[in-house]
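This report describes how two chains meet in one model and what a database record says about one of them. The sequence and structure are shown first.

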Amino acid sequence: MEVDGEDGRTQNQLRPLACSHNILYRAHGSASWSLRTRTLRKQTGQIDNLLKSHLMRMRPWLNGNKEALEFKFLHVWEWFRYSGLPVRVQLLEEEYEMILKRTLQSICLLTINPNTTTSIIIQVINDDGALLSCAINAACVALVDAGIPTEHLAVAICCCVAKSGCKMKAFAYLAFLNCVHSVLPEGSSSVQGEPIEHGIVTSVTNDIMSEDNYFYSLERGRAASVRVVRVSQEELATALN
Amino acid sequence: MGLSNASGDLSTEVEVDAFRCLFPLRFYEKHLLESIRPDARPLGRARETTIALGAVASANGSALAKIGSTTMLAAIKMEVMTPSLETPDEGCIAIDFHMPPICSPIVRPGRPAEAAPVVAKQLSDTILSSGMINLKELSLVSGKAAWMAYLDIYCLDADGALFDTALLSAVAAFSHLEIPVVSLNDDGKIVLSEEQGLSDREPVNKEKRKINLSSIPFSLTCVLHKNYILADPTAEEESIMDTIVTVVLDSSSQLVSLHKPGGTVLAYTSAIQDCIALTRQRVKELQKILEEAISGMEVD
């Protein structure tokens, strides 16, 4: 079923991705990740989904032999969208902080620098959907920009299940591993017959969907994440040159 | 002389409790090899669940739910309010989840618990998106008056699987809820009617009624560790094995929510399918328990 989105996209098209790193001077590492929504009507301005994330090394903190990761997710408070209910935005921020923390904690090597705290701050510039996946991608690029050694990287994507007529019914945020094996020509290692890139690091769904729709969106998400990985790899490759 | 050797040698010499404190992961792995957990549960079984309806007499609907030691008290208070302009014939539900310091030594007074806002948001998303309650039923006079249901859930004992117990207590409280009788007074305001019909005003709704609950959501939290899936973890298990998956299914087996916030273990499709299968079993158990609790109340 070809569902045309409001911006003229087909089912499998992603919005144009833009990624840049090292944009903030005072931070140890920074990255910005944006998805551009095109409006077909007369343009009053482009709506972006822009996220800046920056990392700071704090002064030594007594934390035992593990390094600690601290997160702060700052949302731009849009009056018209949240109709003046501050409570819900705060809950959203805290939930996303927790999800980001647990996602990145599992892929970061925390024992390299004991007794330090790495503080990752994500500032939303503009919110036009797919916020959590943008945040995870931006945080990963910022980690690499700061030079913090990580075991793997994560790539996140947002898939939605649409009713006919392109009204969105439910959506799922999925984060997969973006590991070094995908780049090596020898192919990737597989666990239980499934390659390691298929393992879900994080999955958060919103609204009801059937089980089959969920597994279908997993497949589509994995396919789309390959494209996202390529974007971030190109960006980081320019950094090395 | 590595650590693994040390713990292996010590396991025969040290007491069970000391081993459990010093090497918790190895303690659990020894049990998992035999497909059992320290509290003698098989891996896929949840703890004993009980529901007590009407725990709070002053609230319009309330329930106390216990899964193992995790205890949650839910209470609903109804208030009349003017509906918003966009939805003039719909009521509103406000969901709040509290973790007072009584529930766990990790929660300190004055500082909100880390898990509280996350569970609160998950709960409100699940309840509102599952379509369990038709908000149009909460309307009184279209455009002028509608019910606002304040649902408060207090955690009294936090021993793992907080979201499961909270959702169960919320669902039970809604099934116990009785909407009070109101009438229009001379000033055109809605007031609560007295019990014995002393008033000569025409009541707006004839009698205390219960709301219709369609497609009730039930959930199961599982912990993934290597190849094992442990259903309904205790707080100890949650702290040692950090990969937690929560699956919420409704009575028509639709996936309301699948929540896996990171964690060291990656979830492959087979693991997710196993979790969903365990949840389906659990939904049947919970439906039975809820029906028994409701019919128990009606007999009284």
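How far apart do the end C-alpha atoms of residues 216-278 of chain B lie, and what percentage of the span is helix and what percentage strand? In this predicted model, the end C-alpha atoms of that span are 17 Å apart, and 25% of the span is helix and 43% is strand.

The span comes from an annotation. UniProt, in an unreviewed entry, lists "domain: Exoribonuclease phosphorolytic" for residues 46-180 and 216-278 of chain B. The two parts are set side by side below.

| Span of chain B | Distance between end C-alpha atoms | Helix | Strand |
|---|---|---|---|
| Residues 46-180 | 36 Å | 22% helix | 36% strand |
| Residues 216-278 | 17 Å | 25% helix | 43% strand |

The rest of the report concerns the contact between the chains. Chain A brings 34 residues to the contact and chain B brings 36 residues. About 3000 Å² is buried between chain A and chain B, with 55% of that area given by carbon and sulfur atoms. Of the area that chain A buries against chain B, 20% is supplied by Arg102(A), Ile208(A) and Glu211(A), more than by any other three residues.

Polar contacts between chain A and chain B, counted with both residues at pLDDT 80 or more, amount to 11 residue pairs. On the side of chain A that touches chain B, the elements giving two or more residues are helix H2 (86-107), strand E9 (194-195), strand E10 (200-206) and helix H4 (211-240) of chain A. H2(A) gives the most to this side, with 11 residues. By residue class, the side of chain A that touches chain B has 15 nonpolar, 10 polar and 9 charged residues.

Strand pairing also links the chains. E10(A) is joined by 2 bridges to strand E14 (residues 255-260) of chain B, and the two strands run antiparallel. Within E14(B), His259(B) is the bridge partner of Val204(A).

Salt bridges come next. Over all chains the structure holds 12 salt bridges, and the count between chain A and chain B is 2. One salt bridge pairs Lys121(B) with Glu95(A), with the closest N and O atoms 3.0 Å apart. Why does this pair join two chains? Lys121(B) is in helix H4 (residues 115-129) of chain B, whereas Glu95(A) is in helix H2 of chain A, so the pair joins two chains.

Definitions and conventions:
Residues numbered from 1 in each chain as written. Chains lettered and ligands numbered in written order. Predicted model: local features only at pLDDT ≥ 70, side-chain atom pairs only at ≥ 80, totals over all residues. Heavy atoms only, no water. Contact = heavy atoms within 4.5 Å. Buried area = accessible area lost by both parts, 1.4 Å probe. Salt bridge = Lys/Arg side-chain N within 4 Å of Asp/Glu carboxyl O. Polar contact = N/O pair within 3.5 Å; in protein donor to acceptor, adjacent residues only side chain to side chain. Helix = DSSP H or I, 4+ residues; strand = E, 2+ residues; numbered from the N terminus. Nonpolar A, V, L, I, M, F, W, Y, C, P; charged D, E, K, R; others polar. Pairing = 2+ DSSP bridges. UniProt positions renumbered as here; feature names shortened; annotations may be inferred.
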